[in-house]
Amino acid sequence: MALQRLLGSRATRSVTVLSVLLEAKRAFDRNNTVRAAALLGVAALAWKWTMLGMAAQGIVKLLRGGR
C-alpha cells in the first residue's frame, strides 16, 4: 500500500513526466524523431500511469546501452 501511495503521489507523477519529457528532448536533439514522438506520448500517459513512464525510461536506457 505504501508503494502504491508513493507512486500515485503528485510529486512522483510530476517528476516522472518531467524526466520522460527530458528524454524526449534529448531524442529530438539527436534527430531521433520517432523515439521523441513515442516518448511524448508516454509523457502524456505517465501522469495517469506512473509505472509506464518509469518503464519507458528503463527501456530507453537499455536501448542507449546504459549510458
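**Notebook: helix α2 and its surroundings**

I looked up the α2 and α3 pair first: the two helices are roughly antiparallel to each other, because angles over 145 degrees count as such. I am working on a predicted model.

**Entry 1: the α2/α3 packing.** I read an angle of about 170° between helix α2 (residues 10-29) and helix α3 (residues 33-46). Their axes lie 8 Å apart. I then listed who makes the contact. From α2 I have Thr-16, Val-17, Val-20, Leu-21, Glu-23, Ala-24, Ala-27 and Phe-28. From α3 I have Thr-33, Arg-35, Ala-36, Leu-39, Leu-40, Val-42, Ala-43 and Ala-46. I sorted the residues of this contact by type: 12 are nonpolar, 2 polar and 2 charged.

**Entry 2: α2 by itself.** I checked the span of α2 next. The helix has 20 residues and reaches 29 Å from its first C-alpha to its last. That is close to the 28 Å expected at 1.5 Å a residue.

Which residues of α2 are buried? I found Thr-12, Thr-16, Val-17, Val-20, Glu-23, Ala-24 and Ala-27. I looked down the axis of α2, and its buried residues fall within an arc of 130°, so they line one face of the helix. I turned to the face away from that buried side. There I noted the exposed residues Arg-10, Ala-11, Val-15, Leu-18 and Asp-29.

I also followed the chain out of the helix. Just after α2, Asn-31 has a positive phi of about 60°.

**Entry 3: Ala-56.** I moved on to helix α4 (residues 50-63), which holds Ala-56. Is Ala-56 buried or exposed? Its relative accessible area is 13%, and under 20% counts as buried, so I put Ala-56 down as buried. I then looked for its partners, leaving aside neighbours within four places in sequence. Ala-56 is in contact with Leu-39 and Val-42.

**Entry 4: the whole chain.** I closed with the totals. How many helices and strands does the protein chain have? I count 4 helices and 0 strands. Read along the sequence, the pattern is α-α-α-α. Of the 67 residues, 28% count as buried. Residues 24 or more positions apart account for 55% of them.

Notes
Residues are numbered from 1 along each chain as its sequence is written. This is a predicted model: local features need pLDDT of at least 70, side-chain atom pairs count only at pLDDT 80 or more; totals for chains, interfaces and linings use all residues. Side-chain values use heavy atoms; hydrogens and water are left out. Axes are lines fitted to C-alpha atoms, for helices over the stretch in contact, and angles run from 0 to 180 degrees between N-to-C directions. Angles under 35 degrees count as roughly parallel, over 145 as roughly antiparallel, 65 to 115 as roughly perpendicular and the rest as oblique. Contact means heavy atoms within 4.5 Å. Ala, Val, Leu, Ile, Met, Phe, Trp, Tyr, Cys and Pro count as nonpolar, Asp, Glu, Lys and Arg as charged, and the others, Gly among them, as polar. The expected span of a helix is 1.5 Å times one less than its number of residues. Buried means under 20% relative accessible area, exposed over 50%, partly exposed in between (1.4 Å probe, protein chains only). The arc is that of the directions from the helix axis to the C-beta atoms.
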